[in-house]
Each structure stands twice: as structure tokens, then as C-alpha cells.
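Subject: Structure handover

Hello,

Here is the structure we spoke about. Please open it first, then read the notes below.

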Amino acid sequence: MDWFLAAVISAITLSGQALMFQRLQKHYPINTFMTYAWLGSALVLSILFLRPEDFDAIGRNMLTLILAGITSLTGNYAYNRAIHLQSNIGYIEAVMSWRLILTYIFSIVVLNAVFEELRLVGMLLIVAGVIAVSGAYKMNLKDISLDWLNWALLGGLSFGLLTIFVRYANDDGVRGEVSLIIVLIVAGIGFLAAALREKSSLKVERQHIWLYLAVIAFAVVGNGALFVAYAKTPNLAYAIAIDNSRMIILYIIGLLLFSERWQWVKAVGIALTF
């Protein structure tokens with residue numbers, strides 16, 4: 001699978017993950033459902049992909065992978081906090097897009113990625129499309145609350161650093177799927193420790209089991225594809241830009257299933273993205 005196809009698959013399936021996060025927040029603390037989502041996904045991925053020959057590369061890159069796990073923990077907690085405080089997920093996605101700058105510069109300077117004008121323009125068009133569809137261009141002062149904005153900025157920084165740490169491990173022989181397993185385990189243990197510290201209940205109600213199974217399924221496919229894209233893309237920012245197009249997918253889902261209305265500005269945003 002090449003990096004572009006992997007990034008497209010991640011955009012589609014991580015849209016489902018975002019919707020499941022929103023549903024689970026209505027019933028459980030963030031640390032509780034993220035514990036099950038991440039450790040459950042790590043278990044599935046370990047069964048599917050982890051092999052004895054992977055442990056040598058993991059050992060060489062353990063510190064880097066632990067740092068990636070910590071940034072996954074902070075990034076996903078910040079993302080969920082932002083979702084809780086700001087009902088328009090599009091605003092959050094637009095603010096978090098700033099990580100493209102960090103990863104683009106890193107890829108050029110450290111990974112010796114080739115500067116390609118056409119792909120840079122394409123990446124900027126995707127960002128413009130996300131902003132148009134999310135409605136972020138209409139934000140006014142009352143929408144810009146430091147509460148959710150700070151969490152969104154932290155999420156963007158954390159996810160940007162996550163991709164950098166993971167790419168270092170990938171370049172030293174850790175496969176994309178395997179790096180994801182370690183990241184999920186580290187972050188999952190972090191969420192579990194936070195849940196225990198806060199004395200949050202870890203009980204799952206029977207009627208919500210399908211939500212947990214769904215979020216694990218979306219996380220396995222979506223994050224697995226995204227980490228493959230991180231490992232193979234010539235520039236990390238390209239994969240992130242394609243993944244950011246999930247805002248378009250969420251909008252289309254809203255048109256088909258919910259009360260979202262068609263708007264010409266958002267139609268232009270979709271056209272820019274594709």
C-alpha cells in the first residue's frame with residue numbers, strides 16, 4: 001500500500017473514530033473510554049502484525065516510541081477536551097492544522113524531502129478546503145474561547161511531534177504498524193493510570209459495548225493506515241494534509257444522515273480538497 005492510499009483510508013476511518021469519540025463522551029470520562037479504545041486496538045494490532053523479528057528494532061527505538069506514546073496521550077486527551085468544549089469540530093480541526101507547518105519544515109530540513117511546488121500548493125488547497133467546510137472562516141471573537149483553543153493548539157503540537165518521533169523509529173527499521181502498537185500501549189497505560197488516579201469507573205454498560213467495539217475497529221484501521229502513510233510518505237505534511245480531509249467526510253456524513261444543509265461555500269471547500 002502506498003502512502004497516498006493509506007492516508008485516504010485513514011481519513012475515511014478516522015472520521016468514524018471521531019464520531020465514536022463524540023458518542024462515548026456523552027456516557028464516559030475521556031480517560032475511561034480512551035483506555036479501552038487504545039489498549040483494545042493495541043491487542044488487535046499485536047495479534048495481526050507483531051512478530052518476533054520486530055523486537056530488535058523496537059528495542060533500539062524504545063525511547064523514541066515511548067515519547068511518541070506520550071505525545072499520542074497528550075494529543076488525544078487535548079483533542080477530546082477541545083471537542084467537549086467546542087461543539088463545532090471543524091473549528092478544532094482547522095486550528096490543529098497548524099501542525100502541517102511543523103512537519104513540513106521538519107521533513108525538508110531533517111528528512112531531506114524534496115521541495116515540490118505543486119504538492120505544496122495541493123497541501124495548501126486541502127487546508128483551505130478544510131477551513132471552508134468547517135466554517136472556521138466565520139469564527140468571531142465569541143467563538144474563540146481560550147479554553148478550547150488552547151487544547152486545540154496543544155493537540156496540534158502533540159500530533160505534530162508524534163509524527164516526527166514515529167518517523168525516526170520507522171527510518172531505523174520499525175514498521176509502521178509495529179510503531180503504532182507501542183504508541184497505543186504507552187498511551188493506553190497513561191489513560192488507565194489517569195483514570196485510576198481520578199477514581200473514574202472503568203465499568204462499561206452493556207448497551208454501550210457496540211460503541212467500544214466500533215471505536216476499536218475504526219482506530220485499528222484508521223491509525224494503522226495513518227502510520228503506514230507516515231512511514232512511507234516523502235514529506236510528513238503530505239500525509240497529514242490528506243488525513244485532514246476527514247473534515248470533508250464528516251460534512252458529507254452530516255448531509256446524508258443528519259440535518260446539515262448544503263452550502264455553496266462548503267461545496268467549494270470539497271472541490272478544493274479533491
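First, a definition: a crossing is left-handed if the near helix is turned anticlockwise from the far one by less than a right angle, and right-handed if clockwise. Helices here are DSSP runs (H or I, at least four residues), numbered from the N terminus.

This is a predicted model, in which local features need pLDDT of at least 70, side-chain atom pairs count only at pLDDT 80 or more, and totals for chains, interfaces and linings use all residues. Residues are numbered from 1 along each chain as its sequence is written, and side-chain values use heavy atoms, with hydrogens and water left out.

**Helix packing**

Axes are lines fitted to C-alpha atoms, for helices over the stretch in contact, and angles run from 0 to 180 degrees between N-to-C directions. Angles under 35 degrees count as roughly parallel, over 145 as roughly antiparallel, 65 to 115 as roughly perpendicular, and the rest as oblique.

Start with α2 (residues 30–49) and α9 (residues 176–197). Their axes come within 8 Å and cross at roughly 150°. That makes α2 roughly antiparallel to α9. The crossing of α2 past α9 is left-handed. Their contact has 17 nonpolar, six polar and one charged residues. (Ala, Val, Leu, Ile, Met, Phe, Trp, Tyr, Cys and Pro count as nonpolar; Asp, Glu, Lys and Arg as charged; the others, Gly among them, as polar.)

Next, α10. Its axis is 8 Å from that of α9, at an angle of about 120°. The two are therefore oblique to each other. α9 passes α10 in a right-handed crossing. With α2, α10 packs at about 55°, the axes 9 Å apart. This crossing is right-handed too.

**Helix α9**

The 22 residues of α9 should span 32 Å at 1.5 Å a residue, and its end C-alpha atoms are 32 Å apart, which agrees. (The expected span is 1.5 Å times one less than the number of residues.) Lys-199 follows α9 and has a positive phi, near 60°.

**The cavity**

A cavity is a set of points on a 1 Å grid, over the protein atoms alone, where a 1.4 Å probe fits but cannot get out; lining residues have an atom within 4 Å of a point. Volume is the space filled by probe spheres set on the points, which are joined across faces, edges and corners.

How many cavities of 30 Å³ or more are there? The count is one. The largest cavity holds about 280 Å³. Its lining has 21 residues, with Leu-14, Asn-76, Phe-159, Asn-223 and Leu-226 nearest the centre. By class, the lining divides into 14 nonpolar, four polar and three charged.

Best wishes

Note on methods: On a 1 Å grid over the protein atoms alone, a cavity is a set of points where a 1.4 Å probe fits but cannot get out, and a pocket is an open set with protein on both sides within 12 Å along at least five of seven lines; lining residues have an atom within 4 Å of a point.
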